[in-house]
Amino acid sequence: KIKEEMIKMGSELKNKGDYLIISVIKHIILNKNVGNNLERDIYPIIALNMVISKKQIKWNINYSINSIYFTKHETMCKYLKIKSFEKPTTKFVISTILNRL
């Protein structure tokens with residue numbers, strides 16, 4: 001279901017960041033009481049599980065979102081219901097996908 005929503009948003013699921021977004025969303029779903037600060041509450045746990053740094057997680061997710069924004073701009077804006085000049089934040093993208101599951 002998460003992958004379906006990612007594809008609707010314009011993702012081709014070819015970047016490492018795409019799969020990290022899926023991991024973050026799964027973690028949030030499975031741990032309902034987790035905090036809402038990605039860098040403080042979620043990335044460290046994902047980093048431990050995947051044996052990569054928090055910064056690498058953040059960079060890969062941002063790269064993925066930027067790739068979608070620049071290649072499938074209209075699709076992403078329509079999915080997120082934002083104006084075409086608004087660049088979405090990571091938190092906004094993740095929360096929108098979570099709300100549509």
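I set the burial terms before anything else: buried means under 20% relative accessible area, exposed over 50%, and partly exposed in between, with a 1.4 Å probe and protein chains only. The model is predicted, so I take local features at pLDDT of at least 70 and side-chain atom pairs at pLDDT 80 or more, while totals for chains, interfaces and linings use all residues. Residues are numbered from 1 along each chain as its sequence is written, and side-chain values use heavy atoms, with hydrogens and water left out.

**Aromatic pairs**

I looked up Tyr 69 and found it buried, at 8% relative accessibility. Phe 70 is exposed, at 61%.

I then listed the ring pairs. Rings of Phe, Tyr and Trp (its six-membered ring) pair if their centres lie within 6.5 Å; planes under 30 degrees apart are stacked, over 60 edge-to-face, and the rest tilted. The structure holds 2 such pairs. Trp 59 and Tyr 63 are stacked, because their planes meet at 10° with the ring centres 5.3 Å apart. Both sit in helix H4 (residues 54-71), 4 residues apart, which is about one helical turn. I take helices as DSSP runs (H or I, at least four residues) and strands likewise (E, at least two), numbered from the N terminus. Trp 59 is exposed at 53%. Tyr 63 is partly exposed at 42%. Tyr 69 and Phe 70 pair edge-to-face, with 5.3 Å between centres and 75° between planes.

**A charge over a ring**

I checked Tyr 79 next. Arg 100 lies over its face, 4.2 Å from the ring centre. The test asks for NZ of Lys or CZ of Arg within 6 Å of the ring centre and within 35 degrees of the ring normal.

**H2 against H3**

How do the axes of H2 and H3 cross? Helix H2 (residues 16-30) and helix H3 (residues 38-50) have axes that come within 10 Å and cross at roughly 110°. Axes are lines fitted to C-alpha atoms, for helices over the stretch in contact, with angles from 0 to 180 degrees between N-to-C directions. H2 and H3 are therefore roughly perpendicular, a term for 65 to 115 degrees (under 35 is roughly parallel, over 145 roughly antiparallel, the rest oblique).

I noted the contact residues (heavy atoms within 4.5 Å). H2 gives Leu 20, Ser 23, Val 24, His 27 and Ile 28; H3 gives Leu 38, Ile 42, Tyr 43, Ile 45, Ile 46 and Met 50.

I finished on His 27 of H2. His 27 is buried at 11%. Leaving out residues up to four places away in sequence, His 27 touches Val 34, Ile 42, Ile 45 and Ile 46.
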